[in-house]
Amino acid sequence: MTILLFGATGSAGGSVLRVCLESPAVASVRAIVRRPLAVSAAKLTVVLRQNFADHAGAEATFAGVDACFYCLGKSAQQVKDEASYRRITHDFAIAAARALRQQSPTAAFHFLSGHGASLTSSVMWARVKAETERDGAPCS
């Protein structure tokens, strides 16, 4: 199984990376990150990217993937406004899901959301997470 992982430098993504590297069912892991990882392994390929909104030129990274774990994100308290949070949480995830669908149409896309995500929530982060779940569904 080939895994594509976003957010491998964070807490959740780092845990997913560790489990994938330890699993005999996983043949390879492609981690798309902004900065180098502190870990290395024979079945790990690290892909450095600065632009998560556009994956043009990275088609080979998305090809032949069985599953993508999308763990990239920030707390709403770490960004200045809703537009910034939406760009990181929604727009980047949808761009990844679309690129995955184009190159690996049968791959599963797993978006790390949040408990309480709801389209009708008065809480901004919960609404944006729910919108990302909704908008990503046609891509996965």
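Trainee: What share of the 140 residues in the chain is buried?
Mentor: In this predicted model, buried residues account for 44% of the 140. To be counted there, a residue needs a relative accessible area under 20%.

Trainee: Why is Ala76 called partly exposed?
Mentor: Its relative accessibility is 24%. Buried means under 20% and exposed means over 50%, so Ala76 falls in between and counts as partly exposed.

Trainee: Where does Ala76 lie, and with which residues is Ala76 in contact, leaving aside its neighbours within four places in sequence?
Mentor: Ala76 sits in the loop between strand 4 (67–70) and helix 3 (82–103). With those neighbours set aside, Ala76 touches Tyr85, Met124 and Trp125; contact here means heavy atoms within 4.5 Å.

Trainee: How do you know that the radius of gyration agrees with a compact globule?
Mentor: A compact globule of 140 residues would have a value near 14 Å, and the chain has 15 Å, so the two agree. Along its principal axes, the C-alpha trace spans about 45 × 30 × 25 Å.

Trainee: In what order do the elements run from the N terminus on?
Mentor: The order is β-α-β-β-α-β-α-β-α, which comes to four helices and five strands.

Trainee: Among contacts between residues at least 6 apart in sequence, how many join residues at least 24 apart?
Mentor: That share is 56%.

Technical notes
Residues are numbered from 1 along each chain as its sequence is written. This is a predicted model: local features need pLDDT of at least 70, side-chain atom pairs count only at pLDDT 80 or more; totals for chains, interfaces and linings use all residues. Side-chain values use heavy atoms; hydrogens and water are left out. Helices (H or I, at least four residues) and strands (E, at least two) are DSSP runs, numbered from the N terminus. The radius of gyration is taken over C-alpha atoms; the globule rule is 2.2 Å times the number of residues to the power 0.38. Buried means under 20% relative accessible area, exposed over 50%, partly exposed in between (1.4 Å probe, protein chains only).
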